[in-house]
Amino acid sequence: MNKQSGRELLENAFRRKNYDRLLKKYIASCHPASEEDGAILPRAPKKPEGRFPNLAGFCRFLHIGTEDLVDLSEKYPDAIAYVYAVLEDEALNSSVSPTLLTAYLKRRLGYDKENERKEKLLPTDPQPIIRFEHDIYGDGA
């Protein structure tokens with residue numbers, strides 16, 4: 001039996017518009033098995049259990065590289081935008097530290113690219129050069 005590669009699996013899911021199922025499976029794999037309804041859950045654990053759902057983890061789950069996902073973004077931009085939105089929502093609603101969350105949002109989901117575009121469009125004013133031309137021997141102390 002020939003197994004389908006992760007890239008083929010993802011591309012078929014994009015084509016059939018059922019990629020949400022893959023995302024749900026990945027996210028479920030990140031969280032530990034939840035207690036049955038009605039069970040008392042422990043209060044705010046010091047260390048979050050399970051894994052933090054993220055873009056690289058999703059690619060690892062599918063046995064593909066992040067470059068494969070980028071390549072598919074040209075053909076399926078709406079699907080990739082949805083994947084990013086789901087992973088952003090998972091990140092924002094996670095219990096990871098704000099430092100890790102900020103780095104993840106900037107690096108992987110492109111939050112800092114908007115600022116880079118603005119800087120390229122609006123050049124900064126040149127900084128004035130301040131010179132002190134004071135001759136202590138001629139002008140005195």
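D71 forms a salt bridge with R7, the closest N and O atoms lying 3.7 Å apart; a salt bridge here is a side-chain nitrogen of Lys or Arg within 4 Å of a carboxyl oxygen of Asp or Glu. This pair links distant parts of the chain, since D71 belongs to helix α4 and R7 to helix α1, 64 residues apart. Helices (H or I, at least four residues) are DSSP runs, numbered from the N terminus. D71 is partly exposed, with a relative accessible area of 41%, and R7 is also partly exposed, at 28%. For these terms, buried means under 20% relative accessible area, exposed over 50%, and partly exposed in between (1.4 Å probe, protein chains only).

## Basis of the model

This is a predicted model, in which local features need pLDDT of at least 70 and side-chain atom pairs count only at pLDDT 80 or more, while totals for chains, interfaces and linings use all residues. Residues are numbered from 1 along each chain as its sequence is written, and side-chain values use heavy atoms, with hydrogens and water left out.

## Further salt bridges

Side chains of opposite charge can pair when their charged atoms come close. A search of the whole structure finds four salt bridges. R7, D68 and D71 are linked in a network of such bridges.

K75 forms a salt bridge with E11, with 3.3 Å between the closest N and O atoms. K75 lies in helix α4 and E11 in helix α1, so this pair ties together parts that are 64 residues apart in sequence. K75 counts as exposed at 54% relative accessibility, whereas E11 is buried, with a relative accessible area of 16%.

Within helix α2, K24 and D20 lie four residues apart, about one turn of the helix. K24 forms a salt bridge with D20, the closest N and O atoms being 3.4 Å apart. K24 is exposed, with a relative accessible area of 55%, while D20 is partly exposed, at 26%.

## Helix α3 and its surroundings

Helix α3 spans residues 55–62, and its buried residues are L55, G57, F58, C59 and L62. These buried residues pack against α1 (6–16), α2 (19–30), α4 (66–75), α5 (77–92) and α6 (98–107), where contact means heavy atoms within 4.5 Å.

Just after α3, H63 takes a positive phi of about 60°.

Notes. Helix = DSSP H or I, 4+ residues; strand = E, 2+ residues; numbered from the N terminus.
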